[in-house]
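Biologist: I am new to this structure. Please take me through one part of it in detail: the surroundings of the ligand.

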Amino acid sequence: MNKSEARSYALQKRKEVFIKQIEEDVIEKIIASKILEPFQHIGIYYPIGKEMNLLPLTIYYKDKEFYLPITKEEISFVKYSKDNPLVDGPFHTKEPKGIIKNRDEIECFIIPCVAISLKNQRLGYGKGYYDRYLSQYKGLKIGIVYSNAILDIDMDSYDLVLDIVYSG
Ligand code: ADP
Ligand code: MG
């Protein structure tokens with residue numbers, strides 16, 4: 001299917017899932033895999049709509065630093081901390097205030113995906129923010145997706161390829 005068909009299909013299928021159990025499972029899988037252990041600076045996201053909320057990882061890994069996206073013309077990442085209250089951002093997100101962290105000092109990004117192709121390419125909401133932000137990025141890209149949204153999709157050469165995917 002094409003990207004636009006896959007986006008509609010996945011967003012529709014997402015309505016049927018029971019998010020709480022899946023979120024817990026995915027958090028457990030991430031912790032059990034120890035994938036985050038080598039890293040000190042980690043990009044994560046503030047969940048919107050039915051995106052899985054993985055922010056409990058920031059409590060579990062108290063000694064690591066996590067960064068959330070802020071959206072202007074493009075995305076960039078700012079440190080997330082309990083002492084720094086989040087403010088409303090676009091698309092119902094919440095964003096920290098503060099200094100933008102250099103992308104390449106963030107060692108890995110946990111990235112929400114609307115769907116993922118059979119070749120691990122990411123489908124987002126259609127704005128291409130992560131494609132542009134992480135093109136040429138050398139660190140680890142971790143995709144998060146519902147299992148019913150891993151699909152045979154005709155992707156484009158500029159679509160972000162995930163190194164590893166956690167689904168539930
Ligand atoms: P999403 O990745 O959110 O699913 P798309 O892949 O459809 O969205 O991309 C949205 C737009 O972003 C496309 O029109 C594409 O031209 C643009 N885009 C994606 N990657 C790049 C890039 N590396 N450089 C310039 N434009 C890009
Ligand atoms: Mg894309």
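Modeller: What follows starts with the whole protein, turns to the ligand, and ends with one residue beside it.

A caution comes first: this is a predicted model. The protein holds four helices and 12 strands. Its C-alpha trace spans about 45 × 35 × 30 Å along the principal axes. The radius of gyration is 15 Å, and a compact globule of 168 residues would have one near 15 Å, so the two agree. Of the 168 residues, 49% count as buried. The accessible surface comes to about 9,000 Å². Carbon and sulfur atoms account for 53% of that surface.

Now the ligand. The shell around ligand 1 consists of K3, R7, L123, G124, Y125, G126, K127, G128, D131, R132, Y158 and D159. By type, the shell has six charged residues, three polar and three nonpolar. Two helices each supply at least two residues of this shell: helix 1, which runs over 3–14, and helix 4, over 129–133.

K3 has a polar side-chain atom 2.8 Å from an oxygen atom of ligand 1. For R132, a polar side-chain atom lies 2.9 Å from a ligand 1 oxygen. K127 takes part through its backbone: an N or O atom there lies 3.1 Å from an oxygen atom of ligand 1. How much of the ligand does the protein cover? Taken alone, ligand 1 exposes 570 Å², and the protein buries 66% of that.

Is K3 buried or exposed? The cut-off for buried is under 20% relative accessible area. K3 has 14% relative accessibility, so it counts as buried.

The side chain of K3 also makes polar contacts within the protein. One is with the side chain of D156, at 2.8 Å. Another is with the side chain of D159, at 2.9 Å. D159 is itself one of the residues around ligand 1. Leaving aside residues up to four places away in sequence, K3 touches L123, I153, D154, M155, D156, Y158 and D159. Among these, L123 and Y158 also belong to the ligand shell.

To put K3 together: its side chain has a polar atom 2.8 Å from a ligand 1 oxygen, and it makes polar contacts with the side chains of D156 and D159.

Terms used
Residues are numbered from 1 along each chain as its sequence is written. Chains are lettered from A and ligands numbered from 1 in the order in which they are written. This is a predicted model: local features need pLDDT of at least 70, side-chain atom pairs count only at pLDDT 80 or more; totals for chains, interfaces and linings use all residues. Side-chain values use heavy atoms; hydrogens and water are left out. A residue is near a molecule or strand if one of its heavy atoms lies within 4 Å of it. A polar contact is a pair of N or O atoms within 3.5 Å; within protein, one must be able to donate a hydrogen and the other to accept it, and residues adjacent in sequence count only if both atoms are side-chain atoms. Accessible areas come from the Shrake-Rupley method with a 1.4 Å probe; for residues, only the protein chains shown count as cover. Ala, Val, Leu, Ile, Met, Phe, Trp, Tyr, Cys and Pro count as nonpolar, Asp, Glu, Lys and Arg as charged, and the others, Gly among them, as polar. The radius of gyration is taken over C-alpha atoms; the globule rule is 2.2 Å times the number of residues to the power 0.38. Buried means under 20% relative accessible area, exposed over 50%, partly exposed in between (1.4 Å probe, protein chains only). Contact means heavy atoms within 4.5 Å.
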